[in-house]
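Please examine the structure shown below alongside its sequence. The explanation after it is meant to be read with both in view.

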Amino acid sequence: MEHNITHPTTPSPLSTSDTAMLEVLVPGFGFISRILMSYLNFDISSYFQVLVGLAVYGATIRYALLMLWEHFNELFISRAEIRLDDEAFNYLMFWLSRQPLMKTTNRFVAGVRTNSYWDDEEESDNEDLDETAEDVETLDGEKQDAFAMYWAKVTSRDKYKKMRFTPSEGCHYFWYKNRPLMLERAQREGGPYWLMNNERIFVSCLGRNPAILKSLLAEAQQAYVEKDSNRTIIYRGSRSPAGSQFSWVRCMARLPRPLSTVILDQDRKEDFLDDIKEYLHPRTRRWYSNRGIPYRRGYLLHGPPGTGKTSLCFAAAGILGLKLYLLDLNSTALDEESLSMLFSELPRRCIVLLEDVDSAGITKSRGTIPAPSTTTPPKSDAPAAATEATEASADATSKDEKKGGITLSGLLNVIDGVAASEGRILIMTTNHMEKLDAALLRPGRVDMTVGFGYTSEADIKELFTSIYVAMEKDIARRGISTISRSSRNGSVKSQNSTISLDAPKANGKTVHLGESNGASKKGKHTDLQNLTVSLRARIPGLASEFAAIVPGGEFTAAEIQGYLLNHKESPDAAIQGAAEWVETAQEKKRAREEKDTVVVA
Ligand SMILES: Nc1ncnc2c1ncn2[C@@H]1O[C@H](COP(=O)(O)OP(=O)(O)OP(=O)(O)O)[C@@H](O)[C@H]1O
């Protein structure tokens with residue numbers, strides 16, 4: 001008997017090219033058709049023509065909608081693009097974090113990492129805490145507890161870092177000045193996801209006029225810049241964590257350092273500052289440009305470690321409101337190309353600080369510090385003498401050129417290369433000017449040198465005064481906080497509470513302010529004023545006493561400052577311990593010198 005086995009009618013199978021085409025139009029087509037065939041015995045390929053028709057139709061509609069959307073965008077939507085590697089990105093993020101959008105959106109990036117748009121906020125948070133510490137510290141008998149309370153708050157704040165919110169990737173809608181805006185945070189299409197500086201923010205508005213977007217960005221910039229108010233902004237040239245590229249990363253914003261706190265011969269300080277001011281004057285820029293001379297100026301600050309070179313730079317940046325760009329030439333990762341890129345990215349007016357150029361791989365290795373021969377260094381502006389001194393070392397230097405990431409020729413190329421930005425001020429510091437190559441010191445690269453030395457008698461007096469003059473401000477601040485606290489409480493709290501400002505009187509005894517219970521605000525003010533006046537009157541005498549004990553020309557300002565900081569509340573104690581400190585310090589120096597002599601021998 002013959003059995004007729006009936007198979008489901010199977011239309012002719014698709015050719016390979018048909019299947020490939022369908023796979024392109026409908027990704028996963030092959031897989032789906034196999035599943036359908038095996039489980040449902042349904043051959044989808046029999047509907048090939050219908051499927052192709054549908055796929056083409058779908059693709060056409062999609063394309064048409066895309067084109068339509070693009071035209072619509074072009075005609076009716078304005079859009080600003082802000083890139084991560086630009087500072088405008090920080091402006092916008094900072095501004096956004098303060099907008100109602102960040103309170104209402106349900107899609108956001110949360111993080112505790114401190115970065116450039118939050119750094120100053122952290123600082124002001126800490127300042128609030130500092131106030132509370134001072135407030136309670138002034139009540140006698142509670143000093144320990146006050147510190148414990150303050151410290152508990154600090155450590156807890158450090159543990160529970162403030163959570164920061166920024167918009168997540170994707171689109172967000174918000175209102176700005178009664179206009180609906182769209183914010184989109186996205187990675188650049190086509191770029192590798194891990195590349196951090198791929199990120200973009202787009203802000204869009206309806207209409208062809210982008211004025212509202214520009215106004216938003218201007219507002220964001222203003223908010224960001226105002227946050228810095230009169231601070232000195234410091235950038236550091238560093239490698240991005242994700243790539244090998246170097247860029248300027250904002251690392252902090254510091255309160256400016258008053259020039260008066262840098263102890264250096266007044267004329268020398270003024271010459272330095274006047275020279276920078278003269279350089280920044282528009283007539284100087286015109287002068288340079290009319291003669292085709294590259295508009296750049298370089299300074300070399302030289303002297304033993306801890307004599308105030310970096311401090312002078314900070315002070316100058318603060319006074320002139322210039323941003324400070326720090327670069328470590330010792331980084332082995334830094335090559336000529338990166339250095340050149342960093343220099344080309346500098347803003348038109350700024351200070352670039354290259355510290356300890358002698359220790360970078362562009363000279364012979366760093367040696368011991370030569371013993372001081374005079375109390376003050378030679379008058380600074382002597383590039384010719386410096387050049388002579390350095391010519392002798394040029395040979396030795398060239399041998400070491402290849403040490404480290406950057407070579408001498410690399411540095412020279414970048415300092416005056418065509419790609420380097422104009423208008424910048426380059427300040428290099430060194431502990432060993434004699435080790436620097438003459439080529440680095442030639443005019444055009446170094447136009448002025450400022451020498452720093454060991455403190456003279458006058459410097460010691462000035463340093464002492466500057467340290468204890470600040471105490472007057474401290475007293476005033478504590479007085480104000482105590483007064484405000486007592487006025488909040490109605491009166492000074494306990495029976496025994498006194499304002500604990502142990503300041504010595506002319507006769508060496510300690511003054512306790514506000515000793516009377518419930519002393520009036522006015523009375524305390526008068527006491528504080530008297531104390532301040534008495535201290536001010538005593539400081540010159542104390543400074544002379546101190547300078548008579550500490551020999552001139554032997555110690556750096558950093559060393560003396562270090563000692564005075566151990567007695568920051570009591571100038572009298574500083575004077576009492578000065579002779580012993582000088583003796584110990586001299587002994588240590590002698591021992592170090594002997595050790596160095598043995599090593600050299
Ligand atoms: N001339 C000075 N006037 C006031 N303070 C000074 C002076 N020199 C040093 N100091 C103090 O000593 C510390 C170190 O100073 P600074 O960093 O400016 O020294 P430096 O010469 O740049 O040292 P280095 O060569 O090691 O970089 C700072 O706290 C600073 O306040």
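This is a predicted model: local features need pLDDT of at least 70, side-chain atom pairs count only at pLDDT 80 or more; totals for chains, interfaces and linings use all residues.

The unreviewed UniProt entry assigns the feature "transmembrane region" to residues 20–40 and 47–69. In the model, residues 20–40 are 86% helix and 0% strand, and the C-alpha atoms at the two ends of this span are 23 Å apart. Residues 47–69 are 96% helix and 0% strand, with end C-alpha atoms 33 Å apart. Asn41 lies in the loop between α2 (29–40) and α3 (48–76). The phi angle of Asn41 is near 55°, a positive value in a residue other than glycine. Asn41 is classed as exposed because 10 other C-beta atoms lie within 10 Å, and the limit for that class is 12 or fewer.

Asn178 is located in the loop between β4 (170–176) and β5 (179–187), and its phi is near 65°. Asn178 counts as exposed because it has 6 C-beta neighbours inside 10 Å.

The next subject is a sheet. Seven strands make up an open sheet with mixed pairing, arranged in the order β8-β7-β10-β11-β12-β9-β13. Its edges are formed by β8 (246–254) and β13, each of which pairs on one side only. On average, neighbouring strands of this sheet are turned by 25° against each other, direction ignored.

Within this order, β9 stands between β12 and β13. How is β9 joined to β12? The two strands run parallel and are connected by six bridges, with β12 comprising residues 424–430. Arg297 is opposite Ile425 of β12, and Gly298 has Leu426 of β12 as its bridge partner. Towards β13 (residues 448–451), the pairing of β9 is likewise parallel and extends over four bridges. Here Leu300 has Thr449 of β13 as its bridge partner.

Are the faces of β9 covered or open? Both are covered: Arg297, Tyr299 and Leu301 on one side are buried, as are Gly298, Leu300 and His302 on the other. Thus six of the six residues in β9 (residues 297–302) are buried.

Attention now turns to the ligand. Which residues come nearest to the ligand? Among the 18 residues around it, they are Pro305, Gly308, Thr310, Ala557 and Ala558. Helices α11 (309–320) and α19 (557–565) each contribute at least two residues to the shell. The shell also draws on two domains, with at least three residues from each of domain 4 (233–451) and domain 5 (457–600). By class, the shell contains seven nonpolar, nine polar and two charged residues.

Asn413 belongs to helix α15 (residues 408–415). Asn413 and Ser340 are separated by 73 residues in sequence, yet their C-alpha atoms are 8.2 Å apart in space. Is Asn413 buried, partly exposed or exposed? Asn413 is partly exposed, because it has 17 C-beta neighbours inside 10 Å, whereas a buried residue needs 20 or more and an exposed one has 12 or fewer.

Note on methods:
Residues are numbered from 1 along each chain as its sequence is written. Two strands pair if DSSP finds at least two bridges between them. UniProt positions are given in the numbering used here, feature names are shortened, and annotations may be inferred rather than shown by experiment. A residue is near a molecule or strand if its C-beta atom, placed from the backbone, lies within 6 Å of it. Ala, Val, Leu, Ile, Met, Phe, Trp, Tyr, Cys and Pro count as nonpolar, Asp, Glu, Lys and Arg as charged, and the others, Gly among them, as polar. Domain bounds come from an automatic or database domain assignment. Axes are lines fitted to C-alpha atoms, for helices over the stretch in contact, and angles run from 0 to 180 degrees between N-to-C directions.
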